[in-house]
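Have a go at each task before reading its solution.

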Amino acid sequence: MEFDSALRLNPQNRFAHFLRGNAYSNLKQYQKAINDYNKSIELNSNDATSYLNRGRAKLQLGDKSGCYDLSKAGELGEEAAYDYIRVSCNN
């Protein structure tokens with residue numbers, strides 16, 4: 001992956017972690033995606049979309065703590081998070 005090359009050059013590249021997380025999620029490699037979203041959030045704790053995507057990946061693995069990530073994403077302004085909460089977290 002090109003993201004691996006970018007991260008070798010700059011391991012603090014939040015955007016590369018985020019995009020690689022998206023790629024892993026699309027490949028259904030959810031734990032790898034979560035690891036990258038963790039790093040993206042570590043580098044910018046106000047990144048609503050990383051919280052949203054990490055929450056969705058956690059839920060794909062059956063981890064209901066993803067609902068907390070979705071809630072945080074909503075608090076940070078990611079309106080789509082509330083739709084995911086209604087569908088995945090209120091049962």
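**Exercise 1: a residue in a loop**

Lys28 is exposed, with a relative accessible area of 60%. This is a predicted model, so exposed here rests on a cut-off of over 50% relative accessible area.

Task: Where is Lys28 found, and what is its phi?

Solution: 
- Step 1. Look between helices α2 (14–26) and α3: Lys28 sits in the loop there.
- Step 2. Now check the backbone: Lys28 is not a glycine, yet its phi is positive, about 65°.

**Exercise 2: two packed helices**

Task: How do α3 and α4 pack, and at what angle?

Solution: 
- Step 1. Find helix α3, residues 30–43; its axis and that of α4 are 9 Å apart, at an angle of about 155°.
- Step 2. Angles over 145 degrees count as roughly antiparallel, so α3 is roughly antiparallel to α4.
- Step 3. The crossing of these helices, α3 and α4, is left-handed.
- Step 4. Zoom in on the contact: residues of α3 including Tyr30, Ile34 and Tyr37 meet residues of α4, among them Tyr51, Arg54 and Ala57.
- Step 5. Sorted by class, the contact of α3 with α4 has 6 nonpolar, 5 polar and 2 charged residues.

**Exercise 3: the nonpolar core**

Task: How many residues has the largest nonpolar core, and which elements give two or more residues to this core?

Solution: 
- Step 1. The largest nonpolar core has 10 residues, including Ile41, Tyr51, Leu70 and Ile85.
- Step 2. Two or more residues each come from α4 (48–60), α5 (66–75) and α6 (80–88).
- Step 3. Pick one core member, Ile85: leaving aside residues up to four places away in sequence, Ile85 touches Leu70, Ser71 and Asn90.

Note on methods. Residues numbered from 1 in each chain as written. Predicted model: local features only at pLDDT ≥ 70, side-chain atom pairs only at ≥ 80, totals over all residues. Heavy atoms only, no water. Core = buried A, V, L, I, M, F, W, Y, C linked by side-chain atoms within 4.5 Å. Buried < 20%, exposed > 50% of the residue type's maximum accessible area, 1.4 Å probe, protein only. Helix = DSSP H or I, 4+ residues; strand = E, 2+ residues; numbered from the N terminus. Contact = heavy atoms within 4.5 Å. Axes fitted to C-alpha atoms, helices over the stretch in contact; angles between N-to-C directions. Parallel < 35°, antiparallel > 145°, perpendicular 65-115°, else oblique. Left-handed = near helix turned anticlockwise from the far one by under 90°. Nonpolar A, V, L, I, M, F, W, Y, C, P; charged D, E, K, R; others polar.
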